[in-house]
Amino acid sequence: MGKTRHKGPMKLDKKPRPSLWAGISPMGLGKVKPHHIKDTIKVAWENKDNLPYAYRILTEGVCDGCALGVSGLQDQTLKGPHLCTTRLNVLRLNTMSSIDPTHFEDIASLSKLSSTELRKLGRIPFPLSRKKGENKFTRISWDEALNRIAEKISKINAKQLAFYLTARGITNEVYYTAAKVARFLGTNNIDNASRICHSPSKTALKRSLGIGASSCNYKDWIGTDVLVFWGSVAANNQPVSTKYMYAAKKAGTKIININPYREPSMENYWIPSIPESALFGTKIVDDVYQVNIGGDIAFMNGVMKHWFEMEEKEPGAAINHEFVKTHTNGIKELKNHLKMQKWEELEKSSRLSKARMLEFAELLARSKSGVFVWSMGLTQHRFGTDNISQVANLAMLRGFIGREHCGVMPIRGHSGVQGSGEMGADPFVLPGSDFDEENRKRMEKLWGFPIPIWQGDTIGQTLENILLPDYHERKVKLFYTSGGNFLETMPDPEHIKKILENVELRVHQDIILNTSTLVEAKEEVIVLPAMTRYEQQGGGTSTSTERMVYFSPEIKGPRIEEARAEWEIYIDLAKRVNSDKGHLIHFTDAGEIRKEIAIANRHYNGIQHLKDKGDVFQWGGAWLCEGGICPTVDGKGNLLPIGIPEHRKTEGQFYVTTRRGKQFNSMIYSEKDPFNSADRYDIILHRNDAKRLAIQDGDSVVAYNQYGVLQGRAKLDQVKEGNIAVYWPEGNVIIPKGVYEKHAHIPEYNTNVIVEKAETFHAQKDQRYLEKRIQELEMDIQ
């Protein structure tokens, strides 16, 4: 871990610089862009019944949106207020009143509503039960609910019990308590939302550099020579980051975007809190490399192959030999591997020319510093871990590790997910380290009870295990989920519905209803009302992308009548299952949990002191691997030869990637994408592909494969030829189930399809087609 400490926020240079303007049209008049003022007024109107409380949440609480880590309206990167529409959209989840109980009388009517419409009904007010065959939810007491769950746990094999936690505003205290309770109850089947997004990042960084988090800070963006966004649309998913990009541009940083779709939000952005940018916009990216979907490994191999060829002509022209010699292993193996790579294969896989790869190779070779940022465009492939190890290879060969303005950053889209694995809410880890014998014994000594040694299952495996025969020891019979909507986040929704229906007892601990909540179970569905992070007594903490641990205080305001803090629910349940040993998992308050976290995860020593608004510390120092020294066995990073994955498509097929619009996870906040004006069921095609298929902009089209059918409208835009983009979760109907990343076991969200005009499809294809409504999905993103 590093010794250098983060120095806190820096002043933003707001002097006008016309060379960075997106145009001279005031406030982007006539442009397709977000309307921040309009959106802000809309949010204020939605929260009009609780405006004082909403204001206190924004000014006193830590953002429960993305993981940039805004505390109140301040952060540790730039001085001044920070607020984005993503946070504003999520705000209503915290200020809504409870659902009118009459809605619980008719599940058939509720089932006709979308998750957006269900969300707008309000908060879950009290525990609910729905037995098999019933068309209503019945109000039950907390004692009834927890006793039924406890009784079921007592009757089944611990391997038949599974927990899942989403990223919806969940705090470190909740993750830690859930991880401890799961092991107390004898199961390692516990997983969380971060693994579906970024577990390949952690897996790859561990094997390449020995770390499991971002090695650098947001401040390192500002003044680095080159800032690369790889499969990441930070302007859409982490809007406040555009302020950091603006500061980076002012400091002379070149910003590169690598993505199959030329993202409008990364081209130009109107940053509302900066007058110059709010008026004239800001040109963000300097260049875009439109790599083929799944072609990133080939592209990176091409870049490194160029570097070794450059070295043959002029030693030191591309590779930082001092860093590589002192701080890495595997340079000879990597060099030999790249010599074997053929340019024709690299070009075919990446769909970028040798010359284009050379441009990027030379840019990085000229740069003395660089930061690589990535997201799900790299991770959600069946070869996601290899993608990230390739990024680490690039960083190590250039020495972009362990110093200012350098690093590798898996940017997080939710405020709670960085801490989830660090708290042990993961089948592969315990708090503070891997699930190995040494750490298990250490945690057994701290907790005072034995931890099961068998390997727990990931959420994908857990869902599949629900369909195992009744006699199987790993058939999941009780599935306990804190938030989450698998009908809208996992591939093949119809199959997921069948899975959820086959659980004997399903528990939904949440603040709102969603479509998954309404699916019947074999015996019973129990719904438990949870508090938000702002309601939890004693406050809570969350960990940002850059490893800042922020304290978010309890905020005074209205409360849902029977909602409880999530960590309290877990403890109460565990005591009912094993009352004789209940003292081993007892906490009197959130502060007591933080004291134990500081011992359980030694990186978190300091969390025990967080108790007031604005309290924050960063674990690991400003830079992990500072000075090039990695927390590996020999202190060195590992350069890994990565082969081009097999990624074929037949003639007439397209590679598919899923994309996010104006949304927060699966929560949709607008029918229109504010950056390209696309509808939720639009299928984004390149103009040349459309011309070949005689498709015009706006035509009804069908994308189909052996997994499903998606009907929508053609949207002709700047996507890579031979590739299409569809919106998620709408596009999940064509994503195959059961395809997992080989190391981290997360679902792949990419596939191949055929695209045709709708009339051609219906006339010539003997396939059953269930029309999907291209409806008003006025669901405002979280």
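At what angle do the axes of helix 7 and helix 21 cross?

**Entry 1, ground rules.** I worked on a predicted model, where local features need pLDDT of at least 70, side-chain atom pairs count only at pLDDT 80 or more, and totals for chains, interfaces and linings use all residues. Residues are numbered from 1 along each chain as its sequence is written, and side-chain values use heavy atoms, with hydrogens and water left out.

I looked up helix 7 (residues 172-184) and helix 21 (residues 437-447); helices are DSSP runs of H or I with at least four residues, strands are runs of E with at least two, and both are numbered from the N terminus. Their axes cross at roughly 95° and come within 12 Å. Axes are lines fitted to C-alpha atoms, for helices over the stretch in contact, and angles run from 0 to 180 degrees between N-to-C directions. The two helices are therefore roughly perpendicular (65 to 115 degrees).

**Entry 3, who touches whom.** I found Tyr176, Ala179, Lys180 and Arg183 of helix 7 meeting Met443, Leu446 and Trp447 of helix 21 (contact means heavy atoms within 4.5 Å).

I then turned to an open sheet of three strands, ordered 18-19-20 with antiparallel pairing (two strands pair if DSSP finds at least two bridges between them). Strand 18 (540-543) and strand 20 (616-618) are the edges, each with a single partner strand, so one side of each has no neighbour in the sheet. Three bridges join strand 19 (residues 548-552) to strand 20. I noted tyrosine 550 bridged to valine 616 in strand 20.

Helix 7 lies across strand 18 and strand 19, at about 90° to strand 18.

How values were computed. Angles under 35 degrees count as roughly parallel, over 145 as roughly antiparallel, 65 to 115 as roughly perpendicular and the rest as oblique.
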